[in-house]
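Subject: Structure handover: aromatic contacts

Hello,

Here is the structure for your files. Please open it alongside the notes that follow.

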Amino acid sequence: RMLKSVTESFASMIHGLKVDHLTDGVIQRSKRMILDSLGVGFLGTGTEVFHKVTQYSKIYSSNTSSTVWGRPDFRLPPTYAAFVNGVAVHSMDFDDTWHPATHPSGAVLPVLTALSEALPQTPKFSGLDLLLAFNVGIEVQGRLMHFSTEAKDIPKRFHPPSVVGTLGSAAAASKFLGLSLTKCREALAIAVSHAGAPIANAATQTKPLHIGNAAKHGMEAAFLAMLGLQGNKQILDLGSGFGAFYANYSPKGLPSLDSHIWLLDQQDVAFKSFPAHLATHWVADAAAAVRKHLVVSERAPLPTDHIDRIVLRIPDVQYVNRPFPDSEHEARHSFQYVACAMLLDGSVAVPSFHSQQINRPEVRELLEKVELEHRPDNLPSFNTLYCEISVTLKDGTTFTERSDTFYGHWRKPLSQEDLQKKFRANASKVLSRDTVESLIRVVGNLENLEDCSTLTTLLKGPSVQEEASKLSHMFSFHHT
């Protein structure tokens, strides 16, 4: 049998070692280490940093709690509410995407909804307070990504929300909590030590944790800074600081506030119409255009047996190159799968990533025919990439279509109507129709909201009464 991979060999060592493997020498030395560690630990309970982290940790046994979105009966300490809600936002890769590449909102919004509930605030947090802190969190992420040419492209090493998102969360929390300038700086320094997750966990269940952790860790950083914990004062200046995440880091001071321009003003985000990696949205767009040549009507089946080969000309993004995905998370990160799903079904939507869809024999058959090509002009940037698809039939006929901009990209923005339609479709899985419509109204009017609790109350989701009326509504609906 082949030699094991390094990871596999580690795993079998960990699993396989037993008490019998220990030697006398190892036992003696390790007992010394244990004793010494206990001693310095006892001594350490007198230090300031110990005091601060224990003070902070008391929150977990406190009655301070925040809403888990859509779960009226379930509350958590704010950091953990932010964590689980952040995970929820990125759980299907359906959240917004910016340029340079990151998912900006999921690391910030859960922090602010959790904090607005958890803190006794007089006067109350207003919608404007929330909007300001949210935008501070978004802005910080964008500014940081402009310090590196590596960050301009789709990432190869670190997943960006785990890097800049953690600092965006810390910044937003600091703003919302009204931290002093010094403490805002400390919050960023502390956040850097909580940042960074490798891209290899993309297309796994762990990837959504990157957003949840960014939210949670940024909030933790702000709480600790609030208590006076200190970090490196030049954390964003140093290659050994925030620069550790980037190959070519060159930070620059920001312009003064009187000439401040929001990056979000200059660069909009993309909103996804189906839950998969953004790069696959160009593929879906091009595949939809090619499909028109191949099927006689919208609903007609694709003549798969006539297809000889499918060539996708896309940028070289290795973690979205998955010829035979076998989980929903892999399918969401597969150029090949999204192309085949669109060719077969004429649409890609939430159910397209259910395992029974992924594992259809006709999908597998089509996947066998897909090849990738990487042209040198097709750079892995959400601003410039394109997708060209060529489908060649057995008789030699080839149809080619190209997408430079899909609907939902910042160059071709989702209409307000379609954005609300997406929201309704998603939220109504959990919330009553009334709550869904109230949320659209409240968020639409957020700058005039006097008290954020109006928003967070709606986020709780259905009360028992609401559930009952929803059921009776469904019942009567089926009888009409």
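R402 lies over the face of Y386, 3.7 Å from the ring centre. K422 does likewise with F94: its charged end sits over that ring, 4.1 Å from the centre. Here a charge sits over a ring if NZ of Lys or CZ of Arg is within 6 Å of the ring centre and within 35 degrees of the ring normal.

This is a predicted model; local features need pLDDT of at least 70, side-chain atom pairs count only at pLDDT 80 or more, and totals for chains, interfaces and linings use all residues. Residues are numbered from 1 along each chain as its sequence is written, and side-chain values use heavy atoms, with hydrogens and water left out.

Now the ring pairs. The whole structure holds 11 aromatic pairs. Rings of Phe, Tyr and Trp (its six-membered ring) pair if their centres lie within 6.5 Å; planes under 30 degrees apart count as stacked, over 60 as edge-to-face and the rest as tilted.

F242 and Y246 form a tilted pair, because their centres are 5.8 Å apart and their planes at 55°. F242 and Y246 are buried (under 20% relative accessible area; exposed is over 50%, partly exposed in between; 1.4 Å probe, protein chains only). Ring pairs also link F147, F158, F242, F245, Y246 and Y249 into a cluster.

W282 and F382 have centres 6.3 Å apart and planes at 10°, so this pair is stacked. Both W282 and F382 are buried.

Best wishes
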